[in-house]
Each structure stands twice: as C-alpha cells, then as structure tokens.
2 protein chains.
Amino acid sequence: MASTSSPAFSHALLSRPSLPSTVAPTNQSSLSSLSLPSFPRIKLSPLPSSAAHRRRIPSPARTSVRASATVETLGSTAETALVEKSINTIRFLAIDAVEKANSGHPGLPMGCAPMGHILYDEVMRYNPKNPYWFNRDRFVLSAGHGCMLQYALLHLAGYDSVREEDMKEFRQWESRTPGHPENFETPGVEVTTGPLGQGIANAVGLALAEKHLAARFNKPDSEIVDHYTYVILGDGCQMEGIANEACSLAGHWGLGKLIALYDDNHISIDGDTEIAFTESVDTRFEGLGWHVIWVKNGNTGYDEIRAAIKEAKAVKDKPTLIKVTTTIGYGSPNKANSYSVHGSALGAKEVDATRQNLGWPYEPFHVPEDVKKHWSRHIPDGASLEAEWNAKFAEYENKYREEAAELKSIIKGELPAGWEKALPTYTPESAADATRNLSQQCLNALAKVLPGLLGGSADLASSNMTLLKMFGDFQKNTPEERNVRFGVREHGMGAICNGIALHSTGLIPYCATFFVFTDYMRAAMRISALSEAGVIYVMTHDSIGLGEDGPTHQPIEHLASFRAMPNILMFRPADGNETAGAYKVAVLNRKRPSVLALSRQKLPQLPGTSIDGVAKGGYTISDNSSGNKPDVILVGTGSELEIAAKAADELRKEGKKVRVVSFVSWELFDEQSEEYKESVLPAAVTARVSIEAGSTFGWDKIVGSRGKAIGIDRFGASAPAGKIYKEFGITAEAVIAAAKELSS
Amino acid sequence: MASTSSPAFSHALLSRPSLPSTVAPTNQSSLSSLSLPSFPRIKLSPLPSSAAHRRRIPSPARTSVRASATVETLGSTAETALVEKSINTIRFLAIDAVEKANSGHPGLPMGCAPMGHILYDEVMRYNPKNPYWFNRDRFVLSAGHGCMLQYALLHLAGYDSVREEDMKEFRQWESRTPGHPENFETPGVEVTTGPLGQGIANAVGLALAEKHLAARFNKPDSEIVDHYTYVILGDGCQMEGIANEACSLAGHWGLGKLIALYDDNHISIDGDTEIAFTESVDTRFEGLGWHVIWVKNGNTGYDEIRAAIKEAKAVKDKPTLIKVTTTIGYGSPNKANSYSVHGSALGAKEVDATRQNLGWPYEPFHVPEDVKKHWSRHIPDGASLEAEWNAKFAEYENKYREEAAELKSIIKGELPAGWEKALPTYTPESAADATRNLSQQCLNALAKVLPGLLGGSADLASSNMTLLKMFGDFQKNTPEERNVRFGVREHGMGAICNGIALHSTGLIPYCATFFVFTDYMRAAMRISALSEAGVIYVMTHDSIGLGEDGPTHQPIEHLASFRAMPNILMFRPADGNETAGAYKVAVLNRKRPSVLALSRQKLPQLPGTSIDGVAKGGYTISDNSSGNKPDVILVGTGSELEIAAKAADELRKEGKKVRVVSFVSWELFDEQSEEYKESVLPAAVTARVSIEAGSTFGWDKIVGSRGKAIGIDRFGASAPAGKIYKEFGITAEAVIAAAKELSS
C-alpha cells in the first residue's frame, strides 16, 4: 500500500471535484457571543382533540423526558426564538421545494424539523466542506421520503451539495436533490434510503463499523475513531421486519453510539397507524435490549429532545431509541396530523395558511439572515473539527505507525500492493472440492492481506464456509474481531453490510446465506447495487446440487434475476481458479456489489480455467478447432462447466471440433470489446448449447435463436443431488445429443 | 354456482385419488376404557450444567406454567408411561428416517416430540382420512426442517399420506416425505415451510381466514366455522423479520385462536443462540400484543404443556405464544443440546447410544403395538368429528340457505357461473386511465360476485387503488369485512395471503404494494408459486413512469425476475381490457399466483386489446400486412404498448406493413400451440422491435438474434416521468428508427 503522511488525506475522498471545497478559517469567538433579536411567537396548531387520548401510555420501566420548569422558561428567550425561526426555515424550505416540484413529502420535515435542527445545529460533529471527513458523526434519514428535511439541513449547515438552486430543482432531472436521499448523488447523504427499514439497518452497519474500528485502532491515549450514528425513522420503518432484525442485532452487539429518533407521528399513508400498527414499540425495543426514552412533545419540547439525546449519549452499552411524539405536517392548520400531508404538496392555499399560522412572512426558499448567520459557524467549526482530528491523527501516526497505516488504508480504500497474489491457484491435479470450500480458502487468504475485510453468515457459517480462522467473533465485548454472526436475519444482514461498506471505502464487508435466500434480502442487495456499496455476497448451495433439502432450498430463477439487475456482478465460478478470479474482481469493484453462487457439492479443478479468464466474464477453456470455426460451442457455468467439458471430450472422440466456454459472469463479458466477444462466440457459429442448473431465461442471448439452452424451468425436488440432475436431464448425454442435432 | 346438498362435500377436495380414503366407523367406547400396561421409566438425559443458568428469566408480567403437585404424580401412572412411549416413538421415527436417508434434521423432532404428541394426540381436531375436512384445526411446522416430526405425527394419526414405506423414503425422489413440509406433496401438511419465518406468517393467514369466515357465517345457534391454528416455530423463525411483521399483525387483529409454540432450545446452526440472539422474545411478544406463557420444562413437563395450551385457548382476544424450553436432540447422550444434532444424521453409534439411553429396544421404524393401538382411535374419532360437523352443516343449510351456499362455494372453490361477466370492458373511446385505477374497477366488480375475494395493501391502499368500496376494514372487532390493512409489512403480507389461499380453495386473497417492493416479499411470492397458492399480487407504480420518487422506487429488473420464476403468471396489462383480462386469468388460476404490474400514469384504451387476447399471453392488436408477412413486428407491454402502436401508425404512413403485438404474459404465450405462436411471431419475420420500460434481459427470446429490444438496463432517475422516458429513449422515435433499420 502506498503510504501518505499528509494528515488531511480524508479530503482525498471528495469525489465531486466540481463542488467548491474551500475550508473557511475557524472563527468561533465571533459566534459564541451571538445575540439575536427576539422573534414573535408563532401560533401553534393544536392537536385535534382525538389525538391526545390515543397516544399510547409508556410502561413505567422506560424513561420519559419532559422539559423541567427551568427549561421551559427558556421558551421566551431570544435563543429559543432563533431556534424556532431556524426550525421554521427548515419547514418552509421543505414546503416550498415540494410545492415547486408539485411532488414530495412535506409532512415529515414539518414534524421532524425540531429534532433535525437540534441534531445538525447542536449535536452532530461534521465538516460541511468535507462530507467525507472520516470521523464525522453519521446521520441516516431512514424515513427517506422526508428527504427535504435532510436537504434543508445540509443547506443550512453549508454543504455545497445543496445550494438554493438545488432545492429549487428538487426531484428534477439530474439534480442533487432527488426524490429520496441518495449517497451517490448528494455528498452529505451517507446511504440511500426510501425503501422503508433499510436506513435504520444501514445505521446499525455504520455503528458496527465505528465500534469495530474504534476497538481495533483506539489507544488509551488516543480515541482516533469516535463518532455517533444518528437515525430518524418513522412508523413505516418500524413496521418493516428488516428493522426488527437489525435492531435485534444492535441490541445484541450493544451499539451504544447508535441513537435512533423515532418520529412517532401516528400517521402512515393509509391513515392513522391505529388501523394496522398498535403494538407497543417501546416494549418491543426493551425486549431487543435497547435503552428507550419517550419525548412526549417533539413539536416544541426542544429541551426534552436535547435532554433525551444527552441521556442517550450517556448510555454506553446499549443503543437508544428516542420515541419523539410529533405532529406530521406541524404548522399546517388544515392538514397537520393527517395522511394528506404525508406525500403530496400542500397546495398554494394551504401553504399560505401555514405561512400565516407559523408567522412566516418570507418568500419561498428564503433563509432569514439571522438564521443564516447562526448556522454559518458550522463551516469554520467543521473545518476546526477536522483540523483537530488531523492533528490528532498525525500524533497517532507518530506513535503507532503500523496501526495508522492500516487505518489510513481503510479510510482511503487503497488496497495493499500485490494483495491479489494472496489468492490461491489450482491445477487440474488439485483435489476436487466444493466451490463453497474454495471460497473459504480465498476468504482466509484475503483476510491476511485486506485489513478491511470482515463479515459473516446468517446462521450458516459452517455451511457457507465463511469463518475467518485467524479471527474471533465480532461481539459486544470483542468488537475488534471480524467474524460477524448475523443470526437468521438475511435482510438485516445485507443492509448492515451496506452500512459497513459505506462507512469507509476500505471496509470490505461480505455476507452469506444459501443462494435461494437472496429472496429474503433482495431489497438490500438492490440498494448495494444502486448505492455503489461493494458488498460481497457469498451465496452457497447454488442449485439442485444441494439435493435433499428440496425445492424450498433450491434456487432456479436466481441467477437470471441477478443478471437482470443493474450494477451488480453475478458470478458462478466452476472451480478453484474461477472462485479466486471471482474474488479478485469482487475486491477490485468497490462501487459494485458481487454475488458469488457457490456449490455445496464437490467439483473437479478443470483444465483451462483461470483467474484472468474470470475477469473477462466469458472465455474459452478448451478448443480443438482452428480459425475460430468450431462445429459447436458448449457453454457452461459453475458446476455444469464440468458437464460441458465432459460432453466435449466425448464429441471430440467422434471427430467434432468443439469449443467449451465458461460464462462465469455475463456482466463482465458484456463489457468486453466486440472483437473479444467475436473471438469467443463467433457470429457465424450458431450451433451453441448451454447448460446451467437453473432457469433458461435469458440464455437465448448467448445461444441465439438457433442454439439450445439446457436448464431447469420448474421447481426442484427433494432427493440426492445426482438423482435430480439425472431426472432433470442436466447431463453430458443431453449436451451431446443437442450438440449433434445442431451441428449435423 | 352449482349447488350441492351433500353434506359430505368436503371429501370432494381430496385431490389425491391414489390414496385410499376409507372412513372407519366410529368406535370411541372401546378406546375410552383403554387400560395399558405400565412401561419401564426411561432414563432422562440430563441437561448440561451450563444450560440451566443461561435460560433467560421471564418478566413477572407473563405467565409461567409449572406442573402442579397433583399433576406431577401423574408421571408414574400407566397413562404417562404410554405417553412417553408414544413420544419416543416419534423421536425414533425421526431418528431412523434421517439415519436411513443420511440427511435431515433429527434435533427438532427429538426435542419437540412431547408438544407434538400432545397437539396431535390430545388437542387437535382433525380427520386423518380426510385431510381437507374444512373445520379441522390447522397445524403449521414453521421450523420446517424438523419435518420428520410432522411426518411421524401424521403417520401415527393414521393419515394415508405417510405410511411406513413413505418414512423409509424420506428425502428421496418422488416420495411423499420431502426434505421440508410441502402441502402439494403430502396431504395433511397445510402449507410449505422450510424458509424460516414463512410458516408462522402463513399461520397468521390461516387464523385470519378462520376469524373472517367465522364472523361472516357463524350464527348464534351454530358455530359452523370454529377451529384453532397451531404452530411450532424455532429460534430461526423468531429471528426473521417476517415473523415479527406477521406477529405484530396477529396481535393487532387479536387472533385469539392462533397458538404458537416456540421451541426455545437455545441452539441454531452456528451454535448457541447466545452468539446472535439475546433479545427477550417474551418481552417483544408482549409488546406485539400477545399473551405469553413460558413452559420451563418442555422435555418432560407434559402437564405444563397441557396447562399452557389450555390457558392459551382460554385467552380469546389475543394470540398466544407458548415459549417451550426444550433440549434439542433430547435423548441423544452425546449430541443433545448442541448444533451437531440440528441438521445431520446422528450416526449409527449415536443412534445406538440414544436407543440405550431412552430404553428403546425396537427395530428402526417400529411403532410398538400399544402405541399404535392408542393412536388408532383418531381414525374413528376423526370420522365422527367430520360426520358431526357435516350434520351440523346440513342443519345450518336448512336454516341459512344463502349463507350455506356461499360458505360452500368458499370451501369448494367453485366460482359462481358467469362471474367473469362482472369484469368491465372498454372501447378506445373510454377515458384514458392508469391501469392501477382500472385494476380497482376490476377488484370492485369482482368483489360483488366472488364471495372469497379479500385483501389489501401494505399501507398503500390509496396508491395501489385496492380498496373494496362495498366493504369496511377487516379489524379485530370487524373481522367480517374484507379490506385488510397490512401496514408497511410486505413480506408478512405475502405470507399471510399464502395462508389465506391455502385455508380454503375458494378464498382469493390479493395484496398490493409498489412493484419494486416485491423485493421485500419475493420469498413469500416464491412460496405462493411453489405451494400452488393462487394469490393475486397487485403491483402498481410499475416502471420509471412513477416519476419523481426516483430509482429506489422504480422497478427495472422486476419483470424479468418474475418471468424467470416457475409457476407464476407475470402480467403487464396495457389498458382496461387487458387489466380485466389479467384478472380473469388470475381468478381462474387458483393453483398459480399472478402478479399484475400496473401503471401509476394514465394510459389510453387501445384499439385491438381484449380480455381474450390476454388469455393467450401474446396477441396481435393491429396489423396492416397480409399473409403473415409484416415488414416488421413491434412488440410492447403495459404502458409501452401505446408507444408501439404510435410508432406503427407513423411507419404505416410511410408504407410499412407493421404488426403490433401485445406481450402481456410470457408464460401464457409459451403455453400456446406452435401454430398459434407462428401466427403471432412468424419465424420468417426477423425484423422485430420490442419496447418495455424495464430490463431488456430475456427479450432476445422474443425479438431473436436479429431483432432489437428497447428497454432500460440501468437504474432509474428522479424526475417527472415524461422527462425520464425521453432521456432514457423509451420513445416512439426510437421504435421507428429501429424498425426502419431492421426492415430496410
């Protein structure tokens, strides 16, 4: 790995050079004495009378925060007036942007503006001019539809990604303010949310990454890794199973620096949550091992919110859920506390009424000068925070050179020079083995050279073969270890890995289950692909070859379903060299996730396979023809490449000129030059037979209209694997028969 | 609907005529005086010393059941000895079958044999000779890997589906005892389990169906619908998010007749659950609104188990979770309480040791005569139960002719004659509309004629347009209604619908969310397809046409991913007639689920579309060629059929002979005759252009190697829909250009 001694290297990660990235000089003193004029008190929109009684009563066990008498008097001070003005600025930026786009979700930003303000203005540590500063607090808006909340906050805080003109382009083509928060569009957004429940699970991953890196790198004299992860999630997130999975793990792991603010507004799209969501979330989270706090007045109880966050930070051994009871669409006289404010523009008339109600005389998108001035300190403050940390890191580097280099490589995502030499290679004489076992050899080889590799399985470590033998388990009290035990929580696992991957570019999370159970985690995998999180999905038991467990466990359509998904690499390696080749590409692709479909059953090491071949996606492993004119081309993947090779042997004995092609990754083949493609699949050769123990869907593209795809277009069966292969016709005999028919 | 007056019509549902289905005469009296010899007490394998201390302590709020002193004395009676012998029979049938197959999961059956025995021998009401008797109690083994437990119980109870020879063929080709419970293979198995968490969610659906039908059809003088739903689930199920989703709903709905026994054995595949699962399940379920009971000794505390079930039945307004602490692999001296007994055969040596330990002198697969005799009463008892119910039904039918006819149609799954005439039809002059709205017209039309239609949305009813206007909400206190509010719980929703569909063949559940969120529920949808549950999936917002919500909400690969899945019908209707046509096929396919991809945006009613055309999957909507020789064929689906039609108009103006084909369902087209296919897509015409706002993956099959597929092979974008269509080139201009290039 190339070493750098520049302490400011985290700036190197600014991936959008078009954004100005100036660091303003620190000037805290001029702000600490800030004195502001008082602002007229706004009229509060009362809760409908029915709202009060249906709030659930918390159990006595959990903490309930109310503003104390002392605190309440703050309400009349200038500071609180400015806070309210800032909060209303957030509300109206959201209202105005949604109104201009005539599309979006004003309700959440209006209700969550107080907690949003407190987080970004008072609590969180970040540097607006470097959204990628390593030690920043992370914020995740799990209720991603309310993204105007986050855009408004990023704008006020001074991020270059959300300027006034960006908010005016909310939800428009190529804007930086898309309809849901997208990390790949908007610096300052950590992860991609919108599909409910994903964000809170990402946040668990972010907090896991922090806890892991802190345990590995912090020293008694230097807490070089030290940040919080904050989340705002809503009722929708709470209903999703993925949230329960991830939060159960967060409790198990004791992620004390994870603080989730639950926007308890009692409204979802279909109306009052009473129609479908009457569980006690508080009690459930206590069961999950969280510290639970209830802020009863999330609308104006600023000190309640502050006190709750303070309390949450003081609880070191448990994550905290702060249930913040709010009014959705707070401030809108006719639409607050109803589903109508959730997902559409208020409309000009109601916008006016809300301006009236909240005493807001300004033009759309206006940020009052005093609010602007108040927030302006975050640019110098953020620069100071980063500068302080950089100084601290320089000191750390002097004392702990090796650790500093390793941490730096994780932060920068630079792979150590020659890392790929650690990958095992095989010859046809090497022992036959299941690709899941060969995968374990690769993982263990890589773990020695890749400091950021960590991961695990959804309770199938001994079947997926994913344990890193040199490490112990990542657990509450051993967070420096790298084997993560996800339990039977595939969906949460995938989303947690997204969070890990997006925490630091050098973290390379992998996760594992049976290939068929990608169905449980597909939503998270899609977000890996969309949000450019280079997670490695180790998916074993990849076909009917798993045998007796039967059709519930046998993937059929899964290869096709991932080949159709954008920005994801689907690998089906045939043996040791191809497994190593798949890992090589997977590790190199930090912005594209990889799925490795691996066999349960033993497979021979085939002549002709190679690490380099895999990088091309499809390549010839054997050929007895010349002039690029074989009589027939046999195409196989994974465990069926062996069958294609056997069939070729037989056909060659009968004098046929046969090429065997491994099609280990369709996506990579697609990216090759036309010349290369023609060298593997010459257009003139239409006699092509493919064999794969999965759906034939999509194979027409490879074998052409005149070729034949041998596969399985029905569900599997419970029986020994060999029997199923035979009964389903996934055999060399079938390939030979088809080849003869096509090439005669 | 054809009416039948035969009270024994539930026999008509016996779908496996090869099974003998004799009904033995009732002979209870000869059994009630049964007196049995006492059986030598078995040696109990002690719990390892570490096991006791790590059991979690229940909160004082929940009930804990221990055998009372009186009850404990029962332990020495002849009856208890026989019970233990029966329990050991179950254990050894499981051990022997797994051993013979050298594959399977002995641990759960050994640990759960006591609760299994009590359920099937003492608690449940069923008729072994008619597994489809309508009013039977339902049993779901959510921890499906332990299927030998259920097979052993079905065998002892006298079901013809699991004879001794079937158990000897455990996990073999075409046996009735596959590796996980499959309703379509084994009468007596209600649903298909194995993928964890699905079973408990199916059970919620079964209990919902019971509560709904009971509310609709029971009369003060006749509880004609009245059964319980029992579940055994394990730690794995508990960790899955789907289970939390479904159980949250079960609590919300107050499904008092749902009783779940949680096999709390503290072991999962990766070892002790301490490594990943330390939440308090009890507390969580209290939060979910369940009644929670803890049976501390599930191994030998038979009276504890009995008392807990009794208590659970007495709680009418809440579902009950009975946490039954057991030892996995109970009886195995060296493997009990360890993961090694979970998923592989014990091995000959350990089988011997277990036989020794439990005092079991018998040959493999032997059922001792006294055990056999004891269980034999279930055949006559079951016949009596059904006969009694049939008599009750006859009486009900006399009094409530209309209700009886409706209930019968739900039980038998006979659709009323002429039901399809209720479907709306449209002309090109009918107003343009979104197919999601047209779908709502169909649903509301069908609700009037299909007594078994019920369903709802995952909190998107007003976006998916799924409300049945003539009905209210299915809720705790209004269970007779048919709009189900699932909350934001897609995965649970799908699995609950599987349970509803498999409860009675005439129940036709539908469920809805945005098409992209099928990713959240794909595992349940696959089980719909595999288990032949004819659920209708109403999936709106089916492309970039949804606009501003952006790539997280825009499906791309989803059409392809379902086209690749076996036994599911993927529809993408283009307008009103096609939407009605899709519903017609969907309703008729009671053993094959349907997915309807529907637009958010308005679409015109196209000339040439028809309900009958949809039934063929692909059909010509317009053509100005003759002799089956168009210059070019344009193929479209859904919202892009309009674009294909527009392009055809332009091309025809320029003198081209153009055919436009709607490819609304690939699966149905595949099923047509070769002659028909040739009439739509003549082999000689290779100039073919397809257009679909989704992945082009798979389209080579339709357009051929020389055709062109216009689609989207990247993620979507956040902008107004029209803008995205244009930027992505999903336009008539693109079709025209491609058509000209190919046909010139």
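Is Lys257(A) buried, partly exposed or exposed? Lys257(A) is partly exposed, with a relative accessible area of 23%. Here buried means under 20% relative accessible area, exposed over 50%, and partly exposed in between (1.4 Å probe, protein chains only).

The model is predicted: local features need pLDDT of at least 70, side-chain atom pairs count only at pLDDT 80 or more, and totals for chains, interfaces and linings use all residues. Residues are numbered from 1 along each chain as its sequence is written, chains are lettered from A and ligands numbered from 1 in the order in which they are written, and side-chain values use heavy atoms, with hydrogens and water left out.

Side chains of opposite charge can pair when their charged atoms come close. A salt bridge is a side-chain nitrogen of Lys or Arg within 4 Å of a carboxyl oxygen of Asp or Glu. The count over all chains is 77 salt bridges. One of them joins Lys257(A) to Asp226(A), with the closest N and O atoms 2.6 Å apart. Lys257(A) sits in the loop between helix H10 (241–253) and strand S4 (258–264) of chain A, and Asp226(A) in the loop between helix H8 (198–217) and strand S3 (229–234), so the pair ties together parts that are 31 residues apart in sequence. Helices (H or I, at least four residues) and strands (E, at least two) are DSSP runs, numbered from the N terminus. Asp226(A) is partly exposed, at 27% relative accessible area.

A second salt bridge pairs Glu654(A) with Lys740(A), the closest N and O atoms being 3.0 Å apart. This pair links distant parts of the chain, 86 residues apart. Glu654(A) lies in the loop between helix H24 (641–653) and strand S20 (658–663), whereas Lys740(A) belongs to helix H29 (residues 732–743). Lys740(A) is partly exposed, at 33% relative accessibility.

In chain B, Asp160(B) forms a salt bridge with Lys129(B), with 2.6 Å between the closest N and O atoms. Both Asp160(B) and Lys129(B) are buried. Shared partners also build a network: salt bridges join Asp121(A), Arg377(A) and Asp381(A).

The two chains were then compared. A rotation of 180 degrees with 0.0 Å of shift along its axis superposes chain A on chain B (RMSD 0.0 Å). The two copies are thus related as by a two-fold rotation axis. The superposition is by least squares on the C-alpha atoms of residues with pLDDT of at least 70 in both. The same surface serves both copies, as 100% of the contact residues of chain A recur in chain B.

Contact means heavy atoms within 4.5 Å. By this rule, 97 residues of chain A are in contact with 98 residues of chain B. The area buried between the chains is about 7900 Å², and carbon and sulfur atoms give 58% of that area. Buried area is the accessible area (1.4 Å probe) that two parts lose on being put together, summed over both. In chain A, Trp173(A), Arg526(A) and Phe697(A) lose the most area to chain B, together 11% of what that side buries.

Between chain A and chain B the count is 8 salt bridges. Among them is Arg522(A) with Asp519(B), the closest N and O atoms being 3.3 Å apart. Helix H20 (residues 518–530) of chain A gives the largest share of the side that touches chain B, 7 residues.
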